[in-house]
Amino acid sequence: MFTRTLATAALVVGAALALAPGASAAEPDDPYGFNAVRDRTDYFVAPLDAGALIGPNTYKPIILSPYGATRKIECRGDGHYVSIHECKQYDTNNVAHDLQLLANPIRPVWVYNPF
């Protein structure tokens with residue numbers, strides 16, 4: 001009796017798992033590409049670049065990185081409809097490293113994470 005109950009429970013669980021839809025890792029619908037990954041290197045400025053603190057580039061976010069704004073930076077978002085987020089900067093070996101956003105009420109500051 002116990003064996004029959006256990007076998008029936010196993011069949012029910014197996015059937016439920018086989019018929020259940022799998023989890024989808026698909027991106028949400030974004031028909032206009034507002035949340036797509038884009039090259040945003042020109043969007044950033046290093047703190048010692050010309051015009052970074054006083055001048056024409058004061059509206060750009062600051063990046064604290066050993067490469068400054070010379071290496072490729074990719075981010076999600078278009079900066080207008082979807083804010084810039086999930087940024088990565090590539091090192092000299094073309095390996096992507098995350099950039100962390102620091103909470104700053106005056107101007108965004110992104111910090112290179114070497115790990």
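This report describes the sheet and the aromatic contacts of a predicted model.

The sheet comes first. Six strands make up an open sheet with mixed pairing, in the order S1-S3-S4-S5-S6-S2. Strand S1 (37–39) and strand S2 (62–64) are at the edges with a single partner strand each, so one side of each has no neighbour in the sheet. On average, neighbouring strands of this sheet are turned by 30° against each other, direction ignored. Strand S3 (residues 73–76) pairs with strand S4 (residues 85–90) in the antiparallel sense, over 3 bridges. Isoleucine 73 has glutamine 89 in S4 as its bridge partner.

The aromatic rings follow. The whole structure holds 4 aromatic pairs, including the two in this table.

| Pair | Centre to centre | Angle between planes | Type |
|---|---|---|---|
| Phenylalanine 34 and tyrosine 81 | 4.6 Å | 40° | tilted |
| Tyrosine 67 and tyrosine 112 | 5.7 Å | 80° | edge-to-face |

Phenylalanine 34 lies in the loop between helix H1 (2–19) and S1, and tyrosine 81 lies in the loop between S3 and S4, 47 residues apart. Phenylalanine 34 is partly exposed at 26% relative accessibility, while tyrosine 81 is exposed at 59%.

The other pair also links distant parts of the chain: tyrosine 67 is in the loop between S2 and S3, and tyrosine 112 is in strand S6 (residues 109–112), 45 residues apart. Tyrosine 67 is partly exposed, with a relative accessible area of 22%; tyrosine 112 is buried at 11%.

Tyr43, Phe44 and Trp110 form one aromatic cluster. Arginine 40 lies over the face of tyrosine 43, 4.9 Å from the ring centre. The charged end of lysine 72 is placed over the ring of tyrosine 90, at 5.8 Å from its centre.

Conventions. Residues numbered from 1 in each chain as written. Predicted model: local features only at pLDDT ≥ 70, side-chain atom pairs only at ≥ 80, totals over all residues. Heavy atoms only, no water. Pairing = 2+ DSSP bridges. Helix = DSSP H or I, 4+ residues; strand = E, 2+ residues; numbered from the N terminus. Axes fitted to C-alpha atoms, helices over the stretch in contact; angles between N-to-C directions. Phe/Tyr/Trp six-rings, centres within 6.5 Å; stacked < 30°, edge-to-face > 60°. Buried < 20%, exposed > 50% of the residue type's maximum accessible area, 1.4 Å probe, protein only. Lys NZ or Arg CZ within 6 Å of the ring centre and 35° of its normal.
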